[in-house]
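Trainee: I would like to learn how to read salt bridges. Please take me through them step by step.

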Amino acid sequence: MKKHNFNAGPSILPRIAVENSAKAILDLNGIGLSLLEISHRSKDFQGILDETMALFKELLQIPAGYQVVFLGGGASMQFCMVPYNFLNRKAAYLETGVWAQKAIKEAKFFGEVNVVASSSDKNFTYIPKGYVVPADVDYFHITTNNTIYGSEIRTDIESPVPLVADMSSDILSRPVDISKYDLIYGGAQKNLGPAGVTFVIIKEEILSRVTRKIPTMLNYATHLKEPSLFNTPPVFAIYTCLETLRWIKGLGGVKVIEQMNLKKANLLYDTIDNSRMFTGTVEKESRSLMNICFVMKEQYKDKEDAFMEFAKTRGMIGIKGHRSVGGFRASTYNALPYESVQALVDAMNEFEKNNI
Ligand SMILES: *Cc1c(COP(=O)(O)O)cnc(C)c1O
């Protein structure tokens, strides 16, 4: 049976990226060696790294004055690296979910944290508005897509201070005006590649703001000086990212991807909104295109397990909601085909018809 992979992360990758990565493990470009067996300083790997960085910059239209590095440690390591490097006295954070809270917790090790707004009062079902970012903070940190709760900041906001964004789960899902940000980071395993590599887009100019003494590996300057090659980078994960980037370019770039994502999300949100049985959990204007959360209406709550079982028989994988939300979460990342959303919608409609 065909599987429809709605996993939240690690999650679905373009099939071609998986296949070409498998080939590269057996024999990289016909050189008679595995990708896993060559030096990260070899010509063959340098070519992979150069193309990955160039494509990443091209697809995201990263302007001059910014650098990209691929590191280990996950987005969670960035929760600590960002304040270690840039929180000299005080920073502002927007609290929109569990990942934002984890970032806040790490920042507190380094200085004062001003949580300018929070949606914790309603279990993170909306993106706060109308808050003020004080001008005297070192930076403002946001989480553009809240993977667990299914809310998203889909427009590039204006910030009076350097803007830092965790884009782990919506990078490359829509065009972004990079010039509005000073630093963007994320784990690759949602929308870009396999687990094990973290991307960081950094405006070179902000390095001059670092005042603290920082251990070598946690210092951005180290990694900008020898881009992604200060120590051994996650070579395999980077290769799969390259294959994903080639796939995005082949489709026509991020604008095309955005249209595909809109089509998928609209299909599922329309189904949810027109349903007598299902209902969305996030306020409409804050809804994510990447993680679509829904539950059963109060009078049908006892049918959630039955729907889960039914959906499994139709090949649905990974639609169980996070424990802090309950119900269902369909992650509709770039690589998820429209047909999978159609299959889910068909299953929802059929279940509803037979159980109301
Ligand atoms: C998954 C996720 C993280 C955590 O990423 P790791 O690479 O596992 O550290 C952080 N932020 C967001 C928004 C995520 O979706």
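Trainee: Is R314 buried, partly exposed or exposed?

Mentor: Begin with the cut-offs: buried means under 20% relative accessible area, exposed over 50%, and partly exposed in between (1.4 Å probe, protein chains only). R314 is partly exposed, at 29%. A word on the source: this is a predicted model, where local features need pLDDT of at least 70, side-chain atom pairs count only at pLDDT 80 or more, and totals for chains, interfaces and linings use all residues. Residues are numbered from 1 along each chain as its sequence is written, and side-chain values use heavy atoms, with hydrogens and water left out.

Trainee: How many salt bridges are there?

Mentor: A salt bridge is a side-chain nitrogen of Lys or Arg within 4 Å of a carboxyl oxygen of Asp or Glu. That rule gives 16.

Trainee: Which side chain meets R314 in a salt bridge?

Mentor: That of E350, at 2.5 Å, N to O. The two are 36 residues apart, with E350 in helix 9 (residues 338-355) and R314 in the loop between helix 8 (304-313) and strand 13 (316-317). Helices (H or I, at least four residues) and strands (E, at least two) are DSSP runs, numbered from the N terminus. E350 is partly exposed, at 29%.

Trainee: What separates E243 and R246 in helix 6?

Mentor: About one helical turn, because they sit 3 residues apart in helix 6 (residues 235-251). E243 is buried, at 5%, whereas R246 is partly exposed, at 34%.

Trainee: Which residues are linked in a network of salt bridges?

Mentor: E51, E243 and R246.
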